[in-house]
Amino acid sequence: LSVPSEISKEDGRPKWDNKFQYILSCIGFAVGLGNVWRFPYLCQIHGGGAFLIPYFIALLFEGIPLLHLELALGQCLRKGSIGAWNTISPYLGGVGVGSWMVSVLVSLYYNTVLTWVMWYFINSFQEPLPWSVCPLNENRTGLNKECYESTAVSYFWYRKTLNITPDVTESGTLQWWLILCLATCWAIVYLCTIRGIETTGKAIYVTAIFPYLVLTIFLIHGLTLPGATDGLAYLFTPNLNILKNPRVWLDAATQIFFSLSLAFGGLIAFSSYNPPKNDCEKDAVTVAIVNSVTSLYASIPVFSVLGFKATTGYWDCLDRNIISIINEFDLPEESIMRQNYTAWISFLNSSYPEKIAGLKLKGCNLQEFLDQSVSGTGLAFIVFTQAIILMPGSQAWAILFFIMLFSLGLSSMFGNIEGVFTPLLELQIVPKSMPKEILSGIICLISFLIALCFTLGSGSYWIDIFDSYASSVPLLVIAFFEVIGVVYVYKIKRFSKDVKQMTGRKPNLYWQITWRFISPLLLLIVFMAFVTLQILKPSSYAAWNPKYEGFPMKEEKVYPPWVLAICVLLAVLPCVFVPLVALFHLIKRMRRSEDPSLVPPEVFSCQGANS
Amino acid sequence: RISNVLLCNVTDRVSFWFVVTDSSKNVTTVPGSEVEAAIRMNRNRINSAFLLSDKTLQFLKITSTLSPPVEPSTPVWLIVFGVVLCLIVAGIVVLVVTGIQQRKKKNKESTERENLEEKGEVTVTVENGIPCEALDLKAGHINGVFAADDERFTSL
């Protein structure tokens, strides 16, 4: 016998099939591309193992309390971000609108990063890999000039993928191959989010678990590569002096904050589909710890591979020098090997210094190769792809790597889209008769059309702008108002009672202290330090300009004023809703207080919703 | 013929200068540009005559024409892209169609129930949440508790 499906939805609200789906969705949202390409870089430049100290302190005092707050909020109020904050207090409705706005902006550009991953993925099925060889020039007498002066990997990334323009003001043309991949990516997002959490809940099993499998495979393979131990030693050797630098603490705090995807509204949306009696405290601690452990776990294969690449580069440098010396001195083959290279060099330098100087040998230093640190897209698309060429069976490794990046990004996209989708459903902008499939289709279509801007020649510069301005400062502001709103407007005593009703125990002293004092203070300090640093450092960007005399180094350029205006707009637009909505309601209330016949609305209580 | 070989400028590497004479036109030397053009066209034959390659036999001032990489008629990535896109479109179509079917079934069920409740004379008796009409009263279900009753009686 078939139970009608309405019985499973008590109040018409969809729910998770089981708790595991919910936890996996939160973990998938938190674990994203940043865990793979930002955390290892931060570890490397901030003193290796010593970076873990500020990282875990930030996790304890900022990450876990804020995460618990958001999950408890969504579960208690059972609404998306806009509805939830409107319910807490109409004056705080702007916080929800700000979250929604940030989710919209991030969804737009995040999927373009996935487009690049998809482009590399579908190009990985060729032999040889297209980024391993330079194409020929027009009269076929040599290699393409731009490619020859830089490297084949950089050429494939900057020319064949992005077709980048030398300046952010030159928009270039739409790249048709990127448009195709962008359409595919949005089609995949539509496929997975077509019915909200009913479909993402099924898709998350694959997209959240698969990256761990691939990371394990890379871990095992990476540890067998030569030079892996050098890379790992370099990564984890602690340099405790670095803790005196305040920049390190700031980077740790911002990394934890952005890594957990707080203040997007996506976590509130996810937990709003939970049954009311669910232990959100344990969930928050679980998700935060899994996210941090994943970052650590991912940095091991990344650094094994980087160590391998540095060692191979070092050996190539040595081999080139050895060939020059053998040719110059007419020595027999294999008389100079890598092991006795230094002995030979010192002997030859003392006996024939002019000849050695005339050879113009490049100094080979393993440390120098290891010091080349990259983060972000440079790590994935330039450094890692170069390392993959050196491995036997490169096609398989490339395919695995790019599917992993795609899954990581896709599971984060689910959270972003959910942060956009759920409030729209609740605001009932669309009539109830319209099926969910059409609303999600409209969202995906509009986002695809707007994101076409990022497929222009200057698209990657714009994505950097969106990444630095739209998804940094507004989140800090929104998170600050979230904590202040719950603790001081909704009142922490009431909130503690609500949490006790949901989890069965009152939040203990740790939660009380962090929610009341430590987290808001920390957020304020981080926000001010962040803004100060942004203002002090002149906003510049690095442009890829083949006509630059320092090519292949990137050219430092300054943003023109109209671009700076857009940057400021992106940072301010989500934040400005907080005071605007508060002001709007204040004016409405003042107008209403002139008319005594109207009854003021009741103050909402979480327990009232579930009785 | 040995008289055609002159030794000069001995170097460490095996290298030689050469001139090409045209025996048919009164032993005049062929101009350098023509020789260069001829070498460019027949590089492969000259290389294989010495059992060497472009990398090991170098003609100064004549850059070798590199062979372009083999490119299939349709780029490979378009094929992979086509496969991925077909899978996704198929998935979307399946999900949308099942969604429409579920919706139709839900609408039909709710209108059926409304119709049944409208007809006053036919009261829908509901047993355990299932309308009695839906139960198949002809085919019985074997209730396991009573089926085992046979064993209570000892066999003769």
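Predicted model: local features only at pLDDT ≥ 70, side-chain atom pairs only at ≥ 80, totals over all residues.
**Close-up views of cavities, helix contacts and backbone details**

View 1. The largest cavity has a volume of about 80 Å³. Its lining is made up of 14 residues. A:V31, A:A208, A:P211, A:Y212 and A:L408 lie nearest the centre of the largest cavity. Helix 10 of chain A gives the most, with five residues. By class, the lining of the largest cavity has nine nonpolar and five polar residues. No charged residue takes part in this lining. The model holds four cavities of 30 Å³ or more.

**View 2. The second largest cavity has a nonpolar lining.** This cavity holds about 50 Å³ of space. Its lining residues are A:V36, A:L215, A:F218, A:P301, A:V302, A:F384, A:F401 and A:M404. Helix 10, helix 14 and helix 19 of chain A each supply at least two residues of the lining. Eight nonpolar residues line the second largest cavity, with no polar and no charged ones.

**View 3. Helix 22 of chain A packs against helix 24 of chain A.** Helix 22 spans residues 473–489, and helix 24 spans residues 509–536. The angle between them is about 160 degrees, and their axes are 10 Å apart. Helix 22 of chain A is therefore roughly antiparallel to helix 24 of chain A. The crossing of the two is left-handed. From helix 22 of chain A, the contact draws on A:V473, A:L476, A:V477, A:A479, A:F480, A:V483, A:I484, A:V487 and A:Y488. From helix 24 of chain A come A:W515, A:R516, A:F517, A:P520, A:L523, A:L524, A:V526, A:F527, A:F530 and A:V531. Of the contact residues, 18 are nonpolar, one is charged and none is polar.

**View 4. Helix 6 of chain A crosses helix 9 of chain A.** Helix 6 covers residues 93–122, and helix 9 covers residues 176–193. Their axes come within 8 Å and cross at roughly 110 degrees. Helix 6 of chain A and helix 9 of chain A are therefore roughly perpendicular to each other. The crossing is right-handed. Helix 6 of chain A brings A:S107, A:N111, A:T112, A:L114, A:T115, A:W116, A:M118, A:W119 and A:I122 to the contact. These meet A:W177, A:L178, A:C181, A:L182, A:T184, A:C185, A:W186, A:I188 and A:V189 of helix 9 of chain A. The contact has 13 nonpolar and five polar residues, with no charged ones.

**View 5. Helix 8 of chain A packs against helix 18 of chain A.** Helix 8 runs over residues 152–161, and helix 18 over residues 377–390. The packing angle is about 140 degrees, with the axes 9 Å apart. Helix 8 of chain A is therefore oblique to helix 18 of chain A. Their crossing is right-handed. On helix 8 of chain A, the contact residues are A:V153, A:S154, A:W157 and A:Y158. On helix 18 of chain A, they are A:T377, A:F381, A:I382, A:T385 and A:Q386. This contact has five nonpolar, four polar and no charged residues.

**View 6. A cis peptide bond joins A:E127 and A:P128.** Omega at this bond is about -5 degrees. A:P128 sits in the loop between helix 6 and helix 7 (145–149) of chain A. Helix 6 of chain A is also the helix that passes helix 9 of chain A in a right-handed crossing.

**View 7. A:S261 has a positive phi.** The value is near 55 degrees, in a residue other than glycine. A:S261 belongs to the loop between helix 12 (246–259) and helix 13 (266–272) of chain A.

Methods:
Residues numbered from 1 in each chain as written. Chains lettered and ligands numbered in written order. Heavy atoms only, no water. Axes fitted to C-alpha atoms, helices over the stretch in contact; angles between N-to-C directions. Helix = DSSP H or I, 4+ residues; strand = E, 2+ residues; numbered from the N terminus. Parallel < 35°, antiparallel > 145°, perpendicular 65-115°, else oblique. Left-handed = near helix turned anticlockwise from the far one by under 90°. Contact = heavy atoms within 4.5 Å. Nonpolar A, V, L, I, M, F, W, Y, C, P; charged D, E, K, R; others polar. 1 Å grid on protein atoms, 1.4 Å probe; cavity = no way out; pocket = protein on both sides within 12 Å on 5 of 7 lines; lining within 4 Å. Points joined across faces, edges and corners; volume = space filled by probe spheres on them.
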